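Hi,

Here is the structure I promised to pass on.

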Amino acid sequence: MSYLDRYRGIVDDWSEFAASLAEPLPTCIVANSLRTTRESLASRLDRRGVKTRALPWADDAMVMLERNNPGLRYEYMTGLYNVQEEAAVIPVKILDPQPGERVLDLCAAPGNKTAQMAMAMRNRGTVIANDRSAGRHRATRSILDRLGLYNVFISLQNGTNFPRAAGTFDRVLVDAPCSCEGTSRKHSKVLEQEPDYTHLAGVQRGLLRRAFEICEPGGRVVYSTCTYAPEENEQVIDAVLRELPYDPEWLDCRVPEFATTPGLTSWAGEQFDPRMERAIRVWPHLNDTGGFFVAAFTKPADVEMRREAQSTPEIMRPIEPSRWIDPLVERFGWTDVAGWSFFEPNNKSVCLTTSDFAPPPGVKYGGAGLTFLRKAMAVPKITTSGAMLVGPQTTAGVVDLEPHQMDDFLRRRDIAYPGGHGGNEYVLVRCEGVVAGVGRRLATSGLLESLYPGAWALADGASAFEDDT
C-alpha cells in the first residue's frame with residue numbers, strides 16, 4: 001500500500017480505509033429483471049440456504065451474506081442473475097438508459113455494465129458495446145447470451161476515434177480503462193507497482209472527448225473509473241471540459257442510502273471547476289465495496305451536430321421468419337415472437353434482435369443480437385441461450401428433470417428418464433420451472449442426450465443445487 005499514502009489527505013478515516021482493503025469483497029448479484037424479481041430470486045436462494053441482503057439503493061441488487069459459489073448456482077447458469085461488484089452497479093444507474101433509446105458503452109468489455117443497460121432497457125432500443133479487442137468481448141458475448149439480452153451490437157473500435165458514421169447516442173458511458181486501484185480487494189496485484197498515471201490520463205481524455213462529440217444534444221454522458229487517482233478522474237474531466245465549445249450541465253451523482261464523498265475541487269495545487277463536487281468518490285470502507293469514481297453531464301440541447309445518413313449493415317438485413325422460425329413456434333407452442341427481428345449473419349446461424357434495433361453503420365462488426373438457431377446441422381437446433389429465452393412461453397416439447405438429473409445434464413451427461421422413447425428429436429430441458437437448455441431424445445436407447453455447451457458446463461463433483469453453506 002505504500003504508494004496509496006498519497007491519498008491520506010483526502011480519505012476521511014485512513015485506518016478504516018486501510019483495514020477494509022485487507023477484507024474479502026462481498027458478493028453482489030443483480031437480478032435479471034427480464035426473468036425474475038429481486039424478491040423472487042431471494043426466495044429461491046433462501047430455500048437452498050443462501051441468505052441475501054437487499055441493497056436499499058438499488059431495486060434489483062443484493063449481497064450474498066456468504067460467498068456460496070455464485071457462478072455455479074442454477075439460478076446463475078439459467079440467467080436469473082448476474083454477478084457484479086456493488087460499486088460497479090452505480091455508473092449505469094446514473095446513466096439511466098431507457099427502453100427504445102440508442103446507448104453506447106464506449107469501453108464495454110467484459111460486459112457487465114452493457115448487460116445492466118440492456119436489462120434496464122427491457123431488451124428494447126439499441127445498446128452498442130464497444131471494445132477494440134475481440135478477445136475481451138468473448139466474456140461480453142457469454143454474459144449477454146446467458147441473460148437472454150438481444151438488443152446489443154458488439155463493435156470493435158478504438159473508443160478514442162469511435163466512428164462518427166455510427167450516428168449519435170442518447171446516452172454514452174465511458175467506464176474508462178484505468179489503474180484499477182479500487183479493485184484491490186479482488187485483485188491484490190494491482191497495488192504491487194505504481195501506475196503510469198500520465199499515459200492512462202491521455203487515453204481517458206481521448207475517450208471522454210469522443211463521448212461528448214457523439215452524444216446527442218440533450219443526451220447524457222457518464223464518466224467512471226475504478227481508481228482513486230485524481231490524475232485519472234478530476235484532472236481528466238477538468239481538462240476535457242475546458243476544451244469544449246459549450247458548457248455541459250453537471251448532474252448530481254449522489255446515491256440515496258449509499259455513502260460517498262464529493263469529487264475533489266483541488267489536488268496537488270491545481271484547482272478544478274467547483275461543480276466537481278457533484279461527482280462522487282466511492283471509498284471501500286464507507287459501504288464495504290470496491291473503490292469507484294463517477295461524474296455525469298447533460299449535453300446542451302442547442303448544440304448543433306453534423307448528421308450523416310444511417311443505414312442497416314448488410315450483415316443484419318432482416319429475413320422472413322417463415323422458413324426457420326414458424327415450424328419451431330408450432331413445435332414448442334410459443335405465443336409471443338412478434339417483437340423480434342431475425343437475420344442471418346452467416347451460413348451457420350439465425351440470430352434475433354428487437355424490432356426497433358438501430359445498428360450502427362461504419363463500425364467493425366463483432367456480433368449482434370442473440371444467436372437463436374444453429375442451422376448448419378441435419379436438423380436445425382435451438383441454441384442454449386435461445387432455449388432459456390423462450391423457456392417461459394414454451395408449452396410443448398419440454399422435459400422436466402429433478403435437480404440431481406439436471407446436475408448431470410449440466411455436466412453434459414446423457415440421462416435416463418421415464419418416457420424417454422419418442423424418436424430422435426430436440427426438447428427443451430427444465431428444472432423447477434426454469435429452462436436450462438436443449439437435449440435430444442435418443443429413440444434407440446431411451447436416453448436424453450445433453451447438448452449443454454462445454455464452455456458453460458459444470459465440473460465433475462460440482463452441483464448447481466446443493467446447499468454449500
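A contact, as I use the word, means heavy atoms within 4.5 Å. This is a predicted model, where local features need pLDDT of at least 70, side-chain atom pairs count only at pLDDT 80 or more, and totals for chains, interfaces and linings use all residues. Residues are numbered from 1 along each chain as its sequence is written, and side-chain values use heavy atoms, with hydrogens and water left out.

Let me start with D170. Leaving aside residues up to four places away in sequence, D170 touches E101, R102, C215, E216, G219 and R220. D170 lies in strand 8 (residues 169–175); helices (H or I, at least four residues) and strands (E, at least two) are DSSP runs, numbered from the N terminus. D170 counts as partly exposed because its relative accessibility is 29% (buried is under 20% relative accessible area, exposed over 50%, partly exposed in between, with a 1.4 Å probe and protein chains only).

Five strands form an open, mixed sheet in the order 22-24-25-26-23; two strands pair if DSSP finds at least two bridges between them. Strand 22 (398–400) and strand 23 (415–416) are at the edges with a single partner strand each, so one side of each has no neighbour in the sheet. Strand 24 (residues 425–431) pairs with strand 25 (residues 434–442) in the antiparallel sense over seven bridges. The bridge partner of L428 is V438, in strand 25.

Happy browsing!
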